[in-house]
Amino acid sequence: MEVLERRTAEFADLRRTFPAAQQPDWPDPAALRDVTDGLAAAAPLVTAGQCAELRGRMAAVARGEAILLQGGDCAETFAQVTPDSVRRKLKTLLQMAVVLTHATALPVVKVGRMAGQYAKPRSSPVERQGAVALPSYRGDAVNGLEFTAEARTPDPARLRTMYEASANTLELVRALTTGGFAGLSQVHAWNRGFVARSRAGERYEALADEIGRSLAFMRACGIDTGELGTAEFYVSHEGLLLDYEAALVRTDPETGRSYAGSGHLLWIGERTRRADGAHVEFFSRISNPIAVKLGPSTSADDVLRLIDRLDPDREPGRLTFVVRAGAERVRDVLPVLVEKTRAEGGRVCWVSDPMHGNTTTAPSGHKTRRFETVLDEVRGFVEVHRALGTHPGGIHVELTGDDVTECVGGGDELLAEDLPARYETACDPRLNHTQSLDLAFLLAEMYRDQ
């Protein structure tokens with residue numbers, strides 16, 4: 001109880017001293033306190049050892065010895081926490097990782113936007129439909145998507161549901177990654193039902209044949225391939241809701257370091273990255289590997305302030321910058337940020353988010369992204385690093401393992417008129433399974449050329 005009260009007091013001080021953007025207007029502070037007290041007494045979702053392990057993997061990315069593949073839903077929903085949904089997302093990321101590993105001969109650090117991505121920042125706190133104005137949907141962790149006063153009222157009980165849904169997702173992920181599903185011997189099985197109707201699937205099947213022959217050769221030579229039967233996989237989300245994140249902070253008794261127990265890697269969004277804000281202050285107090293999204297308006301001074309606040313010791317693996325400048329701006333914005341960071345001794349991971357800077361609205365009114373524009377931002381990101389002699393650390397994308405129709409283009413030429421067929425996202429448009437695998441092959445070619 002003493003630890004709980006101390007943590008609560010520290011958070012109250014944080015909110016009082018620093019501006020906290022994008023926080024819900026919880027209508028019942030007592031109900032919120034009941035929920036966060038319960039979360040503070042619950043088991044963490046991830047351990048300090050796992051977070052430290054991922055920090056070591058991210059250090060390899062920062063040194064140019066590995067690649068980050070981070071992907072998943074724009075906004076998870078409680079209804080999506082099913083074995084089939086989790087399996088399809090995991091399968092898509094595993095397939096992409098195989099493609100990248102084969103092309104680059106580098107380890108791929110696999111991180112899902114999963115088990116916690118239930119909250120979203122919004123450009124406006126209010127949504128209007130005709131003469132009716134209601135609070136904006138901020139993700140299932142806060143309120144409901146239905147446009148009713150009851151659904152849109154922030155409900156702190158949803159934070160407990162978020163914790164439970166995240167725990168269920170993690171349980172499924174661990175079962176799949178340690179129970180044989182994620183082993184390299186399954187590269188053909190991951191493609192079942194996909195190869196017959198996709199050019200990317202056919203290309204992947206040829207790669208799977210090559211991997212299968214290599215595994216058979218290793219076994220014939222007496223090499224133990226048992227370790228290839230499992231996969232390292234980590235989870236991440238935007239650390240947006242400070243009430244939830246603070247309640248799940250735990251101190252490692254062996255090292256005395258504090259870790260956010262809600263996920264292995266947390267990031268700060270473009271709307272909450274003020275160097276003097278509550279999110280940056282909170283992130284400065286935890287020892288997880290962390291990331292910050294950088295939009296096209298980011299200046300070199302912004303980046304240096306963030307490094308000083310979040311990674312003052314310049315430790316590889318601690319800090320990742322996820323660049324979301326847009327395809328038209330990335331070649332202009334990124335070089336000065338990379339050069340200034342390098343000049344000041346920053347040892348960060350540089351990662352491309354080619355999704356958020358390239359959102360448009362189709363004639364049907366659906367938010368969408370063109371696959372070719374997404375690809376162009378990735379290409380520009382790699383070109384800048386190639387010119388500067390630095391390492392393009394990887395990609396951070398919004399994707400799903402389902403055959404949705406949310407982004408146009410790609411190898412199967414999804415058209416704008418196809419968008420209404422399966423537009424299922426709770427927030428922003430995602431790459432579908434085919435488009436995700438297309439992107440992995442094209443990114444692999446960029447790395448191979450480099």
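At 31% relative accessibility, arginine 88 counts as partly exposed, a class that lies between buried (under 20% relative accessible area) and exposed (over 50%), using a 1.4 Å probe and protein chains only. The structure is a predicted model, in which local features need pLDDT of at least 70 and side-chain atom pairs count only at pLDDT 80 or more, while totals for chains, interfaces and linings use all residues. Residues are numbered from 1 along each chain as its sequence is written, and side-chain values use heavy atoms, with hydrogens and water left out.

Aspartate 402 sits in the loop between strand 14 (394-398) and helix 13, whereas arginine 88 belongs to helix 4 (residues 83-104), so the contact ties together parts that are 314 residues apart in sequence. Here helices (H or I, at least four residues) and strands (E, at least two) are DSSP runs numbered from the N terminus. Aspartate 402 is buried, at 14% relative accessible area.

A second pair joins aspartate 353 to lysine 293, with an N to O distance of 3.0 Å.

Within helix 10 (residues 300-310), aspartate 302 and arginine 305 are three residues apart, a separation of about one helical turn. Their side chains meet in a salt bridge of 2.8 Å, N to O. Aspartate 302 is buried at 18% relative accessible area, while arginine 305 is partly exposed at 42%. Salt bridges also link Arg113, Lys367, Arg369, Glu398 and Asp428 in a network. Across the whole structure, the search finds 30 salt bridges.

Helix 13 (residues 433-449) deserves a look of its own. Its 17 residues reach 25 Å from first C-alpha to last, close to the 24 Å expected at 1.5 Å a residue, where the expected span is 1.5 Å times one less than the number of residues. Of these 17 residues, 13 are buried, so helix 13 is largely enclosed by the rest of the structure.

Note on methods. A salt bridge is a side-chain nitrogen of Lys or Arg within 4 Å of a carboxyl oxygen of Asp or Glu.
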